[in-house]
Amino acid sequence: MSLPLLTKSLFRDGSNCPRRIHLATHNRKLAAPLDEAILARIETGKVLGEMARQLWPTGHLVREIGVNAVDITAQVLESGADIIFEAAFSTEKFFAQCDVLEQLHDGSWHLIEIKSGTGVLKPDGKVKKPQVIDDVTFQAIVLRLCGLQVTKFSVGHVNSEFRLESEVTPHGLLRLTEITKFVESNCEKVEAEMERLYGIICAPQAQTVPLNKFCDDCGFMSHCHPVVGANELTFLPMIRSGQVDKLRAKGFESILDLPETEFDLSTPTGVAQHKVWLAHLSQTISVEPEFVEKVESLPYPWAFIDFEATNPAIPRFRDGRPYQVFPFQWSCHTREHAAAELFHEEFLHEEDSDPRVAFGQSLLAAIQSAGTIFTYSSYEKARIKDLATVPESGGIELAALLSERETDLFDLIKGYTYRTEYRGSYSIKKVLPAWVPDLSYKQLAIQDGGLAAIRYEKMLDGLGTEFANQIATDLRAYCCQDTRAMVEILDAIMGSQKITQPQSTLF
Ligand code: SF4
């Protein structure tokens, strides 16, 4: 078996979990297939990469990917090319393929890494994304080990100040930020880490790594942790990976092992974690009296609202900025009075144009007579705040309505309830199955807001086709489910308090 090579992506993943890079090197087939959200991010990166190449029209593209590109790169360098895209370099241990290499007047090279984010430095010049500096440092080390004199380093990123007037151009959308001094001062640290990680991928076996927060977005999750316990340390709200490690180092394997002294009750995080700890210890459903008191005081009609929005890296609508959020869909369930049937209204912008005016005006008509407007988290409020800057959208009126009548169901649930089934998360996707097990997202074609945004873009690209019509149907079903879920969760919590007095129920 040939010795493995440490690549930039392995280097990035290895800083979290040594097992992950061993599996990715030797057992990649054990990983779950990439989901649509990751594939969409990869596609955006590709499009931006291709656009960036237009900034150097005389550049030479190495079309091979991976180690096969190393010899071709050598030939291209030999031929005297002074701008090379996807140049590849390899030592016995490490491999790097660079987005752009540009030869400077003194014969040395400028390495440019293209990123889809909006920048790597903060306004005060400090580093905003250390991971990007590490990525470029990794490449710098590999190129220098291969004998290339690289003296300048930059990141090509999306220009957050770009506004779409007539068309998207590479010079408008992309901006270069030099990071040479950060890379140079980072080399020693990254070199040591590269050696450490290389040792890990060369080990005969993958290390065993217990469940941690960094497993949440790992493709090997179902291989490593096919069964997740009911009282995992990772269920403590706001816990970080390092804290999980520290608790394990003290010998605590689950929430039930923790002594009360582990919680710092002088901090909001400590108080929140302590509450969850108590719920796991007592195995009770906790609903505090304030929940019922607050809900019973809310005036009717009740309107439950939920929005979907898209924020593409490359602006789609006139005057749009990169990653600007455009709400395109709302759902509203209304209950006129306590005994009334639910009434449902919805809006979906099915045109390839700025949706905000139609969105805002239709929403205003739907909720202006509501006595209470239920939202779930601050997302809807943030979208309305954006809308208030759009003339004729009704955003100012909507913002006034929300400031008077909005109740955030997420805050109520987080503040006054807990069930062990929440697993430390108050997201509607975790809270719903705890209270309303019969209402599931599993049968829906779209099951989260990120996917809704991706599919919406696809719908706009195919308007008028059966494919787009199906997406519109799926979007309606998903957004409707969100507001329906809010109603049913609220009913279930209130119902549980009518059946069982006092407020805690053993199960
Ligand atoms: S699931 Fe967790 S332990 Fe397993 S490889 Fe991924 S991050 Fe590491």
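Two residues are taken to be in contact if their C-beta atoms, placed from the backbone, lie within 7 Å. On that basis, residues 24 or more positions apart supply 68% of the contacts in the chain with a separation of 6 or more. The model is predicted: local features need pLDDT of at least 70, side-chain atom pairs count only at pLDDT 80 or more, and totals for chains, interfaces and linings use all residues. Residues are numbered from 1 along each chain as its sequence is written.

The chain has 507 residues, of which 35% count as buried. A residue is buried if 20 or more other C-beta atoms lie within 10 Å of its own, exposed if 12 or fewer, and partly exposed in between, with C-beta atoms placed from the backbone. Along the principal axes, the C-alpha atoms fill a box of roughly 80 × 60 × 45 Å. The chain contains 19 helices and 14 strands. These are DSSP runs numbered from the N terminus, with helices (H or I) of at least four residues and strands (E) of at least two.

The chain divides into domain 1 (8-202), domain 2 (229-282) and domain 3 (292-498). The bounds come from an automatic or database domain assignment. Taken over C-alpha atoms, the centres of domain 1 and domain 2 are separated by 38 Å.

Two helix pairs were examined. Axes are lines fitted to C-alpha atoms, for helices over the stretch in contact, and angles run from 0 to 180 degrees between N-to-C directions. Helix α3 (residues 36-53) packs on helix α18 (residues 449-461) at an angle of about 50°, and their axes are 9 Å apart. α3 and α18 are therefore oblique to each other. Angles under 35 degrees count as roughly parallel, over 145 as roughly antiparallel, 65 to 115 as roughly perpendicular and the rest as oblique. The crossing of α3 past α18 is left-handed. That term applies if the near helix is turned anticlockwise from the far one by less than a right angle, and right-handed applies if clockwise. On the α3 side, E36, A37 and A40 meet G450, L451 and I454 of α18. By class, this contact of α3 with α18 has four nonpolar, one polar and one charged residues. Ala, Val, Leu, Ile, Met, Phe, Trp, Tyr, Cys and Pro count as nonpolar, Asp, Glu, Lys and Arg as charged, and the others, Gly among them, as polar.

In the second pair, helix α14 (residues 379-387) and helix α15 (residues 395-405) cross at roughly 145°, and their axes come within 7 Å. α14 also passes α15 in a left-handed crossing. K381, I384, K385 and L387 of α14 meet G395, L398, A399 and L402 of α15. The contact of α14 with α15 has five nonpolar, one polar and two charged residues.

S331 lies in strand β9 (residues 326-335). S331 counts as buried because 26 C-beta neighbours lie inside 10 Å. Leaving out residues up to four places away in sequence, S331 touches D306, E346, C479, C480, D482 and T483. C479 is 148 residues from S331 in sequence, yet their C-alpha atoms are 5.8 Å apart.

The peptide bond from Y300 to P301 is cis, with omega near -5°. P301 sits in the loop between α12 (289-296) and β8 (302-310). M238, not a glycine, has a positive phi of about 60°. M238 belongs to the loop between α9 (221-224) and α10 (241-249). M238 is exposed, with 12 other C-beta atoms within 10 Å. Q283, in the loop between α11 (268-282) and β7 (284-287), also has a positive phi, near 50°. With 13 C-beta neighbours inside 10 Å, Q283 counts as partly exposed.
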